[in-house]
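Open the model in your viewer and keep the selection panel at hand. The stops below say what to select next and what is there.

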There are 2 protein chains.
Amino acid sequence: MSAMLTKDTRGVLAPASPGAGRLRPLGIDEVTITGGFWAWRQAVNGDATIDHCDTWEQRVGWIDNFVAARAGTVAQTRTGREFADSDVYKLVEAMAWEVARTGDERLDARIEELARLFELAQEPDGYLNTRYGRPGQPARYSDLAWGHELYCYGHLVQAAVARIRSGRDDTLVRVALRAADHVCGTFGPGGIESVCGHPEIEVALVELARATGERRYLDQARLFVERRGTGTLPDIEFGRGYYQDDVPVREAQVLRGHAVRALYLTAGVVDLAVEDGDDELLDVARAQFDATLARRTYLTGGMGSHHQDEAFGEDFELPPDRSYCETCAGVGAVMVAWRLALATGDLAYGDVVERTLFNVVATSPAADGTAFFYTNPLHKRVRGQEADRDEVSPRAMSQLRAPWFEVSCCPTNVARTMAALAGYVASVDGDTVQLHQFMPSRVSTALDDGRRVTLEVETSYPFAGEVVVRVVDAPEGELGIELRVPSWSIGAARLDGNPVVGGVARVRRRFVSGDTVRLSLATDPRFTRPDDRIDAVRGCVAVEQGPLVLCVESVDLPADRDVDAVALDASVPLVAMEGGAVASGRLVGHAEVGWPYGDGGTDAGQGTFALRLRPYHAWGNRGPSTMRVWIPAI
Amino acid sequence: MSAMLTKDTRGVLAPASPGAGRLRPLGIDEVTITGGFWAWRQAVNGDATIDHCDTWEQRVGWIDNFVAARAGTVAQTRTGREFADSDVYKLVEAMAWEVARTGDERLDARIEELARLFELAQEPDGYLNTRYGRPGQPARYSDLAWGHELYCYGHLVQAAVARIRSGRDDTLVRVALRAADHVCGTFGPGGIESVCGHPEIEVALVELARATGERRYLDQARLFVERRGTGTLPDIEFGRGYYQDDVPVREAQVLRGHAVRALYLTAGVVDLAVEDGDDELLDVARAQFDATLARRTYLTGGMGSHHQDEAFGEDFELPPDRSYCETCAGVGAVMVAWRLALATGDLAYGDVVERTLFNVVATSPAADGTAFFYTNPLHKRVRGQEADRDEVSPRAMSQLRAPWFEVSCCPTNVARTMAALAGYVASVDGDTVQLHQFMPSRVSTALDDGRRVTLEVETSYPFAGEVVVRVVDAPEGELGIELRVPSWSIGAARLDGNPVVGGVARVRRRFVSGDTVRLSLATDPRFTRPDDRIDAVRGCVAVEQGPLVLCVESVDLPADRDVDAVALDASVPLVAMEGGAVASGRLVGHAEVGWPYGDGGTDAGQGTFALRLRPYHAWGNRGPSTMRVWIPAI
């Protein structure tokens with residue numbers, strides 16, 4: 001039995017559309033990114049990345065898996081890892097947001113084409129996975145720990161939610177609803193009492209409940225969340241914490257284990273708490289995420305310190321050279337932070353969204369949108385080899401950006417996030433519009449009382465700190481505008497010339513069309529020092545400029561030096577320059593020794609030079625290089 | 001066709017018995033450890049560890065695999081990973097050295113019992129592996145990258161070499177010779193032109209050639225060494241460097257990839273170079289190992305920085321909290337360093353043997369010899385859970401020592417090394433005896449000219465620096481005695497009261513029985529600072545005492561503090577005390593912050609206290625704790 005789709009339930013045209021909480025997000029039909037860095041990235045995503053992913057998914061056979069599933073040959077011919085179906089679904093989700101954003105008819109037709117393949121592969125009872133259940137394949141749900149069947153449904157459902165919110169009731173939606181109904185029937189009361197090794201179905205089912213108004217999807221999500229941490233999955237080498245099955249959600253203190261899993265789960269937990277008005281659960285999720293920000297997050301917003309299990313480390317275990325910082329974990333952190341901002345009304349979570357978008361999500365794709373970092377380390381010791389643009393990389397820890405991976409979750413995750421990016425920019429609460437992210441954009445919406453308002457944002461942020469909000473169409477009566485003041489500018493921000501107290505710049509008054517509000521932020525480059533407990537970067541400084549983390553890259557160093565030859569004199573002020581900053585660098589010499597432990601002597605007297613620092617997200621775009629964010633300070 | 005076993009070829013009763021090179025090692029029938037730390041460890045090994053391993057290998061089914069292989073049921077019943085056979089062989093090798101050391105008849109009978117199981121499982125053509133080749137199993141040699149078949153033979157052969165050198169020609173020897181002949185037939189000229197993903201067969205075949213005088217085993221070892229690095233194994237996620245198949249051995253600059261693989265290979269390369277008088281190859285191996293010591297080795301002598309692939313990191317990538325430092329890599333490093341000492345005559349490699357024995361190999365087993373560390377990190381941030389002494393640990397990175405692991409290579413590797421330890425202590429060159437390691441011991445051998453000499457070493461080293469060598473039975477004419485001066489005592493050592501220049505204390509004269517030579521070493525605790533390029537421990541100091549690396553453990557801190565609350569004032573001299581040292585500690589306070597990047601402020605003003613440091617190898621023996629070797633210096 002499928003849900004009824006109505007305009008009332010489907011929510012705003014955005015990846016997260018809570019039915020409750022403090023702030024109502026604006027959809028991508030209400031916010032348009034009109035210029036600047038993100039408009040460029042969105043254009044590249046639409047022009048290149050989405051087709052790139054489609055081409056590669058055809059080439060490596062992941063789309064053909066669905067054809068073969070129908071034909072009965074998939075047990076012999078299937079390609080890709082156990083979760084390969086999910087990457088096709090994520091591609092379709094990216095297409096769905098791109099169609100919603102641009103009306104692209106070719107992509108619209110492609111969605112239908114792919115959805116028909118899914119439909120043909122789907123079993124009569126709604127089960128859909130190309131890897132399980134047929135002769136010669138493992139049985140359905142025989143390996144919940146690693147099988148990813150529910151994870152794959154989750155991404156199918158998220159793609160379908162994008163279509164529902166676009167006003168569609170098409171093949172994709174029907175397939176996803178049948179799959180979701182199958183999940184409720186199979187894992188509901190009296191069914192299999194377990195969870196998927198990779199959370200994702202939880203957030204998807206809450207979103208589907210929101211988009212359809214069907215309570216049972218929410219109930220099923222709650223079952224999955226409440227079962228988690230009760231040990232229904234096997235103990236493994238990495239421990240049950242790997243898939244957050246070690247401790248019940250309500251008892252956990254911090255995110256742990258596989259970072260993407262932990263973050264997707266937390267996104268679902270926040271959504272569930274919001275829908276059910278379960279403030280205790282919301283507080284738990286918030287406390288876990290806040291603890292993770294305080295103790296387990298890299299300066300870039302990246303999460304995950306271990307390569308072995310793609311996992312969070314212990315508190316303050318944040319090695320820059322071995323940072324995993326998977327691109328998908330960046331997407332997951334944006335999902336959680338945005339949901340917490342909406343649920344709590346705390347605009348500070350926009351800092352996390354912004355930091356992670358600029359320094360993790362934007363770091364992954366090459367400028368042309370057809371090669372990607374899977375991991376995003378903060379220190380690269382050795383010049384890598386340029387990835388072959390025609391080869392699948394077997395390595396997650398690729399040396400330079402690669403076109404595709406054996407595990408290729410990141411490219412499509414970037415694609416869906418970029419296409420839906422305008423859904424993370426603004427919200428409304430009563431008669432007030434919140435601007436969480438600053439970029440040239442147009443915001444046109446109705447306030448809660450129905451009055452319409454249109455704003456235009458003009459800025460060259462983050463390269464300069466001036467953000468001008470023009471009220472293009474002013475409503476009758478009072479209008480509130482709230483702008484997030486990033487943490488690094490608190491105390492130094494001005495609104496129309498007046499000092500702003502705290503982390504939100506507020507104005508509430510009657511506006512005449514054409515009026516402006518001007519927020520001035522301090523985007524001068526600045527030194528940042530780590531907490532003493534982050535052993536791996538003791539004695540180092542980083543340089544940030546606004547929300548951008550900067551780095552030193554060997555291609556900017558004199559005489560073909562590598563970054564281990566550089567120290568920084570932090571007593572000399574930084575100088576801003578186009579696309580970065582300049583610091584006082586010192587070349588460091590090292591004697592060759594047979595044993596690197598003794599008196600620790602270093603010769604830092606080899607000369608001073610202008611040390612050029614550039615945005616971290618742009619590193620690795622000028623050929624093989626070494627790079628570091630944290631620089632030894634002298 | 002099996003080799004002829006003769007007394008002429010079998011070599012000294014030790015794990016490495018080169019046919020050439022600068023120094024001739026003394027066997028465990030020539031060197032007896034008579035007291036002190038290592039005698040205790042040998043006793044525990046013989047009394048507890050070997051039986052412990054036998055019991056566990058029965059319990060987890062790895063011995064029964066051989067029975068089932070004969071019975072034809074192993075495809076259905078086999079337990080353990082693909083290399084489980086090798087752990088039974090390593091156990092037998094440990095038993096063989098223990099029998100040679102003590103004459104234990106019960107163990108002697110047990111070796112025969114196990115060897116008969118191997119014999120029954122062996123195929124008529126000499127093939128022997130419980131995991132491959134039978135109906136329902138993968139085909140022989142169908143997965144050289146991961147199958148470990150040749151690796152397993154290698155350990156079988158090493159066990160057999162121990163028996164041959166003990167003067168035996170028993171079932172074990174016959175099984176191993178048939179297997180080795182099968183390897184030569186299958187992988188020799190015209191055979192499979194590839195190598196095993198895990199090196200080990202190389203060192204084993206050279207040793208077998210030495211012990212039997214059969215050149216073809218050496219030729220086969222050479223084929224394997226020369227093929228390595230030519231890409232006969234598949235590219236994998238970790239790259240071919242993981243199994244040293246990225247670069248030919250002669251072209252590589254440093255050890256890389258999986259540490260145990262790299263070290264076992266290098267041991268075989270040194271052995272091969274020595275037997276063939278291939279000085280170029282010897283120089284290559286030495287240069288690679290020296291570069292590894294200079295840039296990729298932990299202070300403890302531990303090797304391997306990555307958990308993901310149990311591998312070396314890049315140069316200077318040596319995180320203390322994520323150090324892998326697998327116990328087996330310690331064993332491999334001892335094997336290589338000892339071989340280089342013998343081949344080159346450079347006693348400084350004894351420093352590496354000593355450092356690694358005291359701080360890696362000795363760290364693994366618990367005091368009672370029935371629980372083990374698999375990895376040996378230099379920093380433990382979080383108190384672990386005591387391992388269940390009755391459960392197999394699925395985790396290599398166990399929290400505390402565990403009785404057995406799913407991959408349980410380390411316990412038997414410790415066992416075979418401890419049983420044969422006297423084989424790493426002394427050597428002869430002409431009329432000179434070299435003492436590489438200092439412990440209460442008795443050395444009784446013939447000089448190259450046939451004159452007999454007996455020495456007794458009396459010392460409480462490493463807890464004090466006096467080493468007295470008593471010439472119990474003096475030969476007629478001149479005798480040379482050379483004692484290694486550890487690097488940390490060079491310039492501060494005295495021989496019979498006179499300053500010693502350089503790294504070797506030498507005396508050559510006529511001795512009268514009862515004469516003594518006294519070496520005095522500086523074993524006061526000392527501060528050690530890391531090379532500036534080891535980013536992970538910048539700003540920290542370690543404390544060493546003689547060859548012992550010390551550490552701070554939370555159980556020695558005031559008021560239930562953890563080690564992240566401690567800094568050390570390195571301007572205050574260290575004080576030696578029983579079993580360690582005392583430094584000037586400072587308690588450090590940390591404000592709770594929501595984001596750990598900013599001004600990096602730390603409050604180090606919470607008081608000074610006597611910071612107790614104890615030998616690293618003994619950590620984790622007093623219940624759950626946090627621990628660190630590198631301590632922030634103020």
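Which residues in H14(A) are buried? They are A:Cys409, A:Cys410, A:Pro411, A:Thr412, A:Asn413, A:Val414, A:Ala415, A:Arg416, A:Thr417, A:Met418 and A:Ala419. Buried here means under 20% relative accessible area, exposed means over 50%, and partly exposed lies in between (1.4 Å probe, protein chains only).

Before moving on, note the conventions. This is a predicted model, in which local features need pLDDT of at least 70 and side-chain atom pairs count only at pLDDT 80 or more, while totals for chains, interfaces and linings use all residues. Residues are numbered from 1 along each chain as its sequence is written, chains are lettered from A and ligands numbered from 1 in the order in which they are written, and side-chain values use heavy atoms, with hydrogens and water left out.

**Stop 1: helix H14 in both chains**

Select residues 409–419 of chain A. Because 11 of the 11 residues of this helix are buried, H14 of chain A is largely enclosed by the rest of the structure. Helices (H or I, at least four residues) and strands (E, at least two) are DSSP runs, numbered from the N terminus. Now select residues 409–419 of chain B: helix H14 there is mostly covered, with 11 of its 11 residues buried. Among them are B:Cys409, B:Pro411, B:Arg416 and B:Ala419.

**Stop 2: the two chains together**

Show both chains. Chain B is superposed on chain A by a rotation of 180° with 0.0 Å of shift along its axis (RMSD 0.0 Å). That is the relation of a two-fold axis.

**Stop 3: salt bridges**

Side chains of opposite charge can pair when their charged atoms come close. Over all chains, the structure holds 134 salt bridges (a side-chain nitrogen of Lys or Arg within 4 Å of a carboxyl oxygen of Asp or Glu).

Select A:Asp271 and A:Arg339, a salt bridge whose closest N and O atoms are 2.9 Å apart. The pair links distant parts of the chain, 68 residues apart: A:Asp271 is in helix H10 (residues 259–276) and A:Arg339 in helix H12 (residues 327–344), both of chain A. A:Asp271 counts as buried at 2% relative accessibility, and A:Arg339 counts as buried at 4%.

Next, go to chain B and select B:Arg295 and B:Asp315, whose side chains meet in a salt bridge (2.7 Å, N to O). B:Arg295 lies in helix H11 (residues 279–295) and B:Asp315 in the loop between H11 and helix H12 (327–344), so the pair ties together parts that are 20 residues apart in sequence. B:Asp315 is partly exposed, with a relative accessible area of 22%.

Then select B:Arg484 and B:Glu354, where the closest N and O atoms of the salt bridge are 3.0 Å apart. B:Arg484 sits in strand S11 (residues 478–484) and B:Glu354 in helix H13 (residues 349–361), 130 residues apart. B:Arg484 is buried at 0% relative accessibility, and B:Glu354 is buried at 2%.

**Stop 4: strand S15 of chain B**

Select residues 516–520 of chain B. Strand S10 (residues 466–473) runs antiparallel to S15(B) and is joined to it by five bridges. B:Glu466 stands opposite B:Ser520.

Key. Least-squares fit on C-alpha atoms with pLDDT ≥ 70 in both. Pairing = 2+ DSSP bridges.
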